[in-house]
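Please have the model open as you read.

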Amino acid sequence: MLGTWVEMEAVGWKVLFAQPTKKTFQPVRDTLALIGLGLAIALGLALFIAWLMAGNLTALFASYTGRAESIANGRYDLQWPAARTREFFNLGHSLQRMAEKIDRREKALIDSEARMMDLVANVPGVVYQLKADPKALESSSFTSVVRERSIEIFGLDTEEESFFNDFVRCLPPDDQPRFIQSVKDALETAAPWYYEGRFTKPTGDKIWLEGRSTARWIDGEIICYGVLTDITQRKEMESSLRLAQFIFDKAPIGIWRMGPAGEVLDVNEQGCASLGYSREELCRMIVFDFAPGFDNEDWENGTSALHEVGARTTEVFHQRRNGEIFPIQVIEKLMRFEGQAYRLAFVQDITERKQMEHALKESEQRLELALSGANEGIWDWRIHEDVLYLDARYYTMAGYQPHAFPEAYEEILKRIHKDDLDRVRSANDQYLAGELDKFEVEFRFLRQDGRYMWIQAKGKIADWDDEGNPARFIGTNADITGRKQAEENLRKSEQLLTNILESMNEGIVVLDKDFKYTIFNRSLAKMTHMPKAEAIGRVSWDVFPFLKGTPVEKNMKRTMAGKSTRNLEVRLQFPSRGTVWFRDSFSPLRDADGGIVGIVGVVTDITRQKQDEEELSRLQNYLSNIIDSMPSILVAVDRDGKVTQWNYQTEKTTGLTFEQARCQPLAKVLPRLSGEMARVSASIRGRRVISSSKVSRKVGNEIRFEDITIFPLIADGVEGAVIRVDDVTQQVRMEEMMIQSEKMLSVGGLAAGMAHEINNPLAGILQNASVLENRLLGDLPANHRAAEAAGTSLAVIRHYLALRKLPDMIENIRTSGSLAAAIVRNMLSFARKSEKTAALHDLGTLLDQSIDLLKTDYDMKKHYDFKRVEIVRLYDEAVGPVLCEASKIQQVFMNILKNGAEAMAEMVDTPAPPTFVLRLRHDGAWVRVEIEDNGPGMDEKTRRRIFEPFFTTKPVGKGTGLGLSVSYFIITEDHGGEMGVFAADGGGTCFVIRLPKGVGDR
């Protein structure tokens, strides 16, 4: 094979275009054959002419010989015919011309032989003649046309008699029999001979050779004429070409060779596999068959671009056999070979990359959303260059426009509160010096409106220089103003709780796992004559050694172990007080996971009670003992309302002894209960207990509350009733304070939401609307000057504004601002502590208002965006208003809705969106409200304990465990209703609230 190298710069390849040696030397062989044929014809023609001339010449010479013989015999009178003389002359002239022609032919033959030798000398191989006997190859005669070429290629001299044997010995031992047999076969059959194999020169160099010859019988001998060629370079080229073809076929990306009209000329295996077609199928297609949306105009534009720049990279789409469309990246280069232009394209399936880019974009969007929701700004300080980068949120969360002040460290320090500045500098310097493990500092930062906000800055060193010094310091600033406000509210709540505990008559203690006092209120200190400071932090029996081995110690340890205990009355001997009776009650204190972390104890000094019991034990009347032992006002009356029993508490309240009140009308001895006689009669008639909760009465300038309960008594044919009056003023105060505390926790979130979601944008909207109105509609000199500078007049502008109804749009902005202000007032109204007043309210309206409030709750939007929850309202329009306290009912609704939203937000990969179904309908003498969610629901154990105080399923720090218990108290105690919870059909939870329709017996 002989060929030509072509370099392909686009891929860095070299391609060999080659053809067989036989075909390469065919013109040479044709030329030699033509020359031989010409020589044969010329020689034949010359011999024929010579034969003709020789005949004439013989006759002429015979005539001349006869004439010469006659002259020799003395006949001188012979005449030479003129014709003979001319013939002789003509013959001589012809012989002369023939000799000249033969000289020319001989010279041409010599020149042709020289050209032939030159041609053979330039043949890339050894042209040879071999005379051989198939049965005695070792005696073969090998003649090379160019001896030097044999020495150059094979290192062997063809003039050596041992050339053939030496040549065979240079072949690999395994190939020698094959070579000899091939020569024998060619000689025996006089067939063309071909051989290809390896050859080792005498110098040790290894080459590949190719031999060709044709055997001929000449004069009874077999003579072979042929060529031996060094094909080492061709073999290397073939190997490289096979490697190039292998690389082309097995390349991990599609490689396409396209014609000028978009036809597929060649494509590798990856290109075929990517589309699902075979190579043959694709080579019958054009680019438009599998590139959707790609037309001839696109192809021509691409060709023009390649002519200009030579190569280009694009991203388009391919369509597989099954119809699937996928993105690809195409790297194209325009190439030319033998005057023909081709487009070489490298095609890569970028589906995975596109998916990764899409995922990265979504991740960046989520990060942006997370930072936006968390209201955090990013900063990046390159310390050596003193270059500080602040993102837009760094400015906007403080009310500034992006880049409102220079991005410089000193500019930040200018806006830090002076009381925090040294602490911030110190934290920064210590962290960069390696004295602190982490950088985290809280400080006050000046807002654009002149107020200070609380910032929590966190950061870390992201890069170091060659000397190990910090080079890059990055971090975030988070707005923790809401948290600081919540902490302050929590501190106030804790202080309030402390005040409540300190004001209670009962002794309250809290012990940790080691039985050390963590809370020891004033009443207990007074009972035990033990200063609070001496008890806190010490083990109970170290403070009171006499408790060791008593039932009190046993009860405490059983409670800590999670075992049930009962109220314990114990008599203890105090050095300072003597014998004292206590009633102890202990309950386990649990963490968010239900683990016991301590115990809570209520200690009541019942010494006086015990003394009274001992006194009353001498009395035989069981009823009197019961009445006098109770702390409530107890009055027994007959059917006519006359007093039949009077307990000790009633005596203390009225100042009248039982003997003084006996048989007296109730209205006379206890006027404040005179209005209860109708209920007494109803209780006796219906034989049912009638209760009135938290009945208010004014004592001096103070409003006090009492629970009044009427028990019917029917015994031995005598009808009557017992009236119990409990002063629950302290309880009501505590409940209101707990409700208010719970409400304030929600108000913290609402206030933060209002500040961030309404106030700042509202101020900006209203301010800009005012400025817009002044500059467009105000008759100000500056407005006229600006209009004239713009080449118009203010009247024309106003006419345009009127045509485009822009004044109405400005008015709409003001209306929207007023609506936002109304939302703020609604939230603030809810946050204010309300008096205990009941009125008729539509429960559907209260539900809707609660939802509106939750939608603006900052904490809800930050973690459980309520606007994303679907609300389904199923209100019975026939349900009328209900007598209730609107703010408290709203608090109950918000508590349930907020808990449900939090539960649904924790669910992932659910087919249905988070949904509340709100139902309002009649239920006999009640109005029934149902709030159902499609969240994860709750198990039976949780359902039974859901209304217990301090019971929560939320992580530590996310719930107090009081929300639902306070809600239950509001419904059952404040409104005389019922509240329950059960699993909803299809999953989720349903809270049911039943409120009485009318005032009834309340």
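Let us start with a pair of helices: α30 passes α32 in a right-handed crossing. A crossing is called right-handed if the near helix is turned clockwise from the far one by less than a right angle, and left-handed if anticlockwise. Helices (H or I, at least four residues) and strands (E, at least two) are DSSP runs, numbered from the N terminus.

This is a predicted model, in which local features need pLDDT of at least 70 and side-chain atom pairs count only at pLDDT 80 or more, while totals for chains, interfaces and linings use all residues. Residues are numbered from 1 along each chain as its sequence is written, and side-chain values use heavy atoms, with hydrogens and water left out.

**Helix packing**

Helix α30 (residues 843-855) packs against helix α32 (residues 886-905) at about 55 degrees, with axes 9 Å apart. That makes α30 oblique to α32; angles under 35 degrees count as roughly parallel, over 145 as roughly antiparallel, 65 to 115 as roughly perpendicular and the rest as oblique. Axes are lines fitted to C-alpha atoms, for helices over the stretch in contact, and angles run from 0 to 180 degrees between N-to-C directions.

On the α30 side, the contact includes L843, L846 and L847, and on the α32 side it includes F893, M894 and L897. Contact means heavy atoms within 4.5 Å. The residues of this contact between α30 and α32 divide into eleven nonpolar, three polar and one charged. Here Ala, Val, Leu, Ile, Met, Phe, Trp, Tyr, Cys and Pro count as nonpolar, Asp, Glu, Lys and Arg as charged, and the others, Gly among them, as polar.

Helix α32 also meets helix α34 (residues 963-974): their axes come within 9 Å and cross at roughly 145 degrees. This crossing of α32 and α34 is left-handed. Among the residues that meet are I889, V892 and I896 in α32, and L964, V966 and I970 in α34. By class, the contact of α32 with α34 has seven nonpolar, five polar and two charged residues.

**Cavities**

The structure holds five cavities of 30 Å³ or more. On a 1 Å grid over the protein atoms alone, a cavity is a set of points where a 1.4 Å probe fits but cannot get out, and lining residues have an atom within 4 Å of a point. A volume is the space filled by probe spheres set on the points, which are joined across faces, edges and corners.

| Cavity | Volume | Lining by class |
|---|---|---|
| Largest | about 230 Å³ | 15 nonpolar, two polar, no charged residues |

Strand β21 gives the most to the lining of the second largest cavity, with three residues.

Notes. On a 1 Å grid over the protein atoms alone, a cavity is a set of points where a 1.4 Å probe fits but cannot get out, and a pocket is an open set with protein on both sides within 12 Å along at least five of seven lines; lining residues have an atom within 4 Å of a point.
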